[in-house]
Structure formats: structure tokens, C-alpha cells
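Subject: Structure handover and findings

Dear colleague,

Please find the structure below, followed by an account of what was found in it. I would be grateful if you could read the text with the structure open.

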2 protein chains.
Amino acid sequence: MTPEPVLPQPQPPHNRQSTSLELRATALEQFASVGFAGTSLQQIADAAGYSKSSVLYHFASKEALLDEVLTPAVDRLEAILERFLATEESALSRSRFVNDFIDFILEFRLELHTFINQSQSLRGIPVIDRAGVLIVRLSDTLCHGDASTEDRIRFGLALGGAAYTLVAGMTFLGEEIAPVEEIRPALLAVITELLAPVTVRTAPSRK
Amino acid sequence: MTPEPVLPQPQPPHNRQSTSLELRATALEQFASVGFAGTSLQQIADAAGYSKSSVLYHFASKEALLDEVLTPAVDRLEAILERFLATEESALSRSRFVNDFIDFILEFRLELHTFINQSQSLRGIPVIDRAGVLIVRLSDTLCHGDASTEDRIRFGLALGGAAYTLVAGMTFLGEEIAPVEEIRPALLAVITELLAPVTVRTAPSRK
DNA sequence: ACAGGCTCTGACCGATCGGTCAGCTAGCGT
DNA sequence: ACGCTAGCTGACCGATCGGTCAGAGCCTGT
């Protein structure tokens, strides 16, 4: 009787890039919930159904994986900010910007949550620094130079609150409260109201 | 010439409990910024100026350290909620509750940030589960049964936004924006405004 | 002077970390 | 039939992880 060790059974085809996408998605979930430092390549591999070596075949390192996972979100955020800066500020352009931003939050909730809550501890990683610079520019754009403490709190509350509510809040307060169609208008209403008093560039005083 | 290895130089007195407090404070900073899973006992020991063995002398395990670090904050939050539940709801009691809550956020920002952003990944650890239950009760109390999606978003935004703004936001948007005396009234105004439309228990409809 | 406890430490443990490497297998062009 | 490459893997590396343990140094009571 031959031992016949284990029969490798080398998985169905898995046409190249789908594997990479699976790994990216799995890694993102882990990074957002356990943190980058708290996530091991073994965990990602196990959760996605591959070996640790496979993860390192598709991505040069753990940090490169983080980069590839976050870059699309950062690119998108940058595009939104540039588009806003390219137009002169008005109630209309501002409203369009808030709309863009809500769409961004809904589409990239996990990415946002990841670099919002870990940018201090991951300083030095290029994609994280890029995101950090963007957020500072975002803050400076919405509440510029002379903005009051209250204005800055409004912005921070909207940003951090949205990231929390759509990730942590939804999965442990009320599991998946509602579908996107219901969340979007509610989020838009609350954030618009929250940011309404923050001064517009061309109208310096509000109080 | 005797080798005279290194001269241990056994630290100044450090009267017992002060060491434990130093370690707690250091550990809290690390847990809040790098995450519990991402913080090693060695890091905590180094940052506090002790050896890893010392940390494990004062605390039975890494998890026990987390417990001791978070418990005071959870106790305080529980007391605030109980006090609120013990009175019949009115505009006055609600306002007092929001005041208590703001004080809590300001005093325990790091603790709040820690269990707000890591409660999913640390599920199973008693103090984390306690905090999780409290937050759900808090949410159910403020926006009970029939609350709309928008109301729940208002609560989540206030909670997660405050935790973010006072920790991550302040240390990388604008380093220590302002002293507590300036932050408190601003935070109070914004959060009061944010939660204002959320229904009060005795007045079921608002729209 | 001595005993005993409190604080703190280095040496050490098995497990796991991120990462390297040689090699296996399936599919494809020729 | 052949070799080549892409996708994937286990074995292995040094470093670090959380945790144990046997003391060393100090203070205090007697």
C-alpha cells in the first residue's frame, strides 16, 4: 500500500487576474477590521483559500499589497478634489462636490476606513502619505485659513463619522441597516446639514 | 582589570503603582494608534522604559492589560447611560445626557477610539463585548425601535466622528487644534445640533 | 544581621511573523 | 513530442511574537 501523500488537487483554473482581485478584496476586509499591522499574510491567504506563498507571488510584499489595495480609492479622492478646485466655489459647485464625496464614501468605505484610522501609525508608506496629504488639502479647502474650531470639528465629524458609520457601525450596531438606496439620501441630508455652516471661500464670514 | 560587565543601575525607586500607571498610559497610546493586534509588548515596554518582563509582571497578559486600560472608560460610560435611563426623558434630561457624553468623550478619547474602531476584530474579549453592548444600548436609547435610517446615521456620525476628530483628526489634520476649553463648546454645539432631530422617547414622531 | 517580600530583569520557550527559493503542474506554441 | 511560461505551493530562513521562569537588587520588619 503506497502512502500516496495527499493528492495536491491543484485548484480549478482561476484565470490569472481574478486571483489577484480576490486577494485584494480579502486583504482589504482584513486591513479595515483588524488593521494593517494586525493582519498577517497567512490570514489573508487562508481567508482567500490560497497559500501564503501565492499572496507573495502576486504582490511583492505586504506593503505593496496595501498600496495596490488603497491606490484606486486615493486616485478617486484626488480626482474629486481636483475637480472641485478647478471650479470657482459656489453653492452649486459645493453641492456637487458633496455629492461626489458621498458617492466616494459609499463606494470606497473600507479603503476610507483603513487610511482614516491608520494614517498615523502607517506614516512613511507612500500611499498612506498621499492619502494624508489629500485629507489635509480637503480640510483646508472646505474650511480655509481663518476657519473656526467649530468648522474644523464639523469637517472631522463628517469624515470620521461617515467612515465609522458605514463600516464598524453597520456591522455591529444593526447588521446592514439598509441598502445603499436608503443610506445615500440620508447620508447626503445629514452631511449637507452638518457642513452647511462652514464658510465658503468667497463668503468669508458667517457669524 | 576585572570585566565589570555593565553595572545594572537598577532605576530610581518608582513607587509601585506609578509604574503600573505609566504602563497603562503607554499601552493606551499604542492601542489607540497602532491597534491592539498591531502593538507588541516589547513596543510598550520600550516606550515606557521598562523590559517586556516587567509589563508581564504588572499584568497577567496582553489581554489583561487591555482590560485594565479600557475598564475605567467603560465603567464611566455605563454610569452615564444608567443615569440617563433612570430619569424620564425630556429636553432637559437629554441635554444633560449630551453634556455628560461630551465630557466622557473628552476625558476618554483614546479609550473611546480604541474600542470604537476595534470592537469587531476584538470580539470575545470581555471588556470589548461590554463596551459593544453599551454602545448598542446607547444607540437604541437615543433612537429607539422605529427610528429612521437617517436617525441612526446621525448617531453613528456623532459617535464615530467624535472619536476620530479628537484622536486621529487632531494629530494629523492640525496638531492639537485648540485647548479643551475651546473644543468643548464647539463640540457640544455641533453634536447637539446633529442629534436634535432624533426622536425623543415620549414624542414618537418628528416628521 | 538577617529573612522575606516586592520590583524588575535576562534567558529562554514554542509559535508565528514577513519573505526567499526551488520545484511542481497545467496549458500553450511549435 | 517538446520546452516554456504562468500560477501556485511547501520547506525553509532569521526575527519577533506572547509568555514562563529563575534569580538579582532593594526595602522593610525583626
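Helix 9 of chain A (residues 180-195) has 16 residues and reaches 22 Å from its first C-alpha to its last, close to the 22 Å expected at 1.5 Å a residue. The expected span is 1.5 Å times one less than the number of residues. Helices (H or I, at least four residues) and strands (E, at least two) are DSSP runs, numbered from the N terminus. In helix 9 of chain A, the buried residues are A:Ile183, A:Leu187, A:Val190, A:Ile191 and A:Leu194. Seen down the axis of this helix, they fall within an arc of 95°, so they line one face of the helix; the arc is that of the directions from the helix axis to the C-beta atoms. The face turned away from the buried side carries the exposed residues A:Glu181 and A:Pro185. A residue is buried if 20 or more other C-beta atoms lie within 10 Å of its own, exposed if 12 or fewer, and partly exposed in between, with C-beta atoms placed from the backbone.

This is a predicted model, in which local features need pLDDT of at least 70 and side-chain atom pairs count only at pLDDT 80 or more, while totals for chains, interfaces and linings use all residues. Residues are numbered from 1 along each chain as its sequence is written, and chains are lettered from A and ligands numbered from 1 in the order in which they are written.

Chain A overall

The secondary structure of chain A comes to nine helices and zero strands. Of its 207 residues, 34% count as buried. Two residues are in contact if their C-beta atoms, placed from the backbone, lie within 7 Å. Among the contacts in chain A with a separation of 6 or more, 69% are between residues 24 or more positions apart.

A:Val55 is found in helix 3 (residues 52-58) of chain A. This residue is buried, with 22 other C-beta atoms within 10 Å. Not counting residues up to four places away in sequence, A:Val55 touches A:Leu23, A:Leu41, A:Ile44, A:Ala45 and A:Tyr50. The C-alpha atoms of A:Val55 and A:Ile191, 136 residues apart along the chain, are separated by 39 Å.

Relation of the two chains

A rotation of 180° with 0.0 Å of shift along its axis superposes chain B on chain A, with an RMSD of 0.0 Å. That is the relation of a two-fold axis. The superposition is by least squares on the C-alpha atoms of residues with pLDDT of at least 70 in both copies. Of the residues of chain B, B:Gly161 comes closest to the rotation axis, at 1.8 Å (C-alpha). The same surface serves both copies, as 100% of the contact residues of chain B recur in chain A.

The interface

In all, 42 residues of chain B are in contact with 42 residues of chain A. The elements of chain B that give two or more residues to this side are helix 1 (17-34), helix 6 (109-118), helix 7 (126-142), helix 8 (149-172) and helix 9 (180-195). Helix 8 of chain B supplies the largest share, 18 residues. By class, the side of chain B that touches chain A has 21 nonpolar, 17 polar and four charged residues. Here Ala, Val, Leu, Ile, Met, Phe, Trp, Tyr, Cys and Pro count as nonpolar, Asp, Glu, Lys and Arg as charged, and the others, Gly among them, as polar.

B:Val190 lies in helix 9 of chain B and counts as buried, with 23 C-beta neighbours inside 10 Å. Leaving aside its neighbours within four places in sequence, B:Val190 is in contact with A:Glu150, A:Ile153, A:Arg154 and A:Leu157.

Helix 6 of chain B is mostly covered, with nine of its ten residues buried. In helix 7 of chain B, B:Val127, B:Ile128, B:Ala131, B:Ile135, B:Leu138 and B:Leu142 are buried. Seen down the axis of helix 7 of chain B, these residues fall within an arc of 100°, so they line one face of the helix. The face turned away from them carries the exposed residues B:Pro126 and B:Val133.

Yours sincerely
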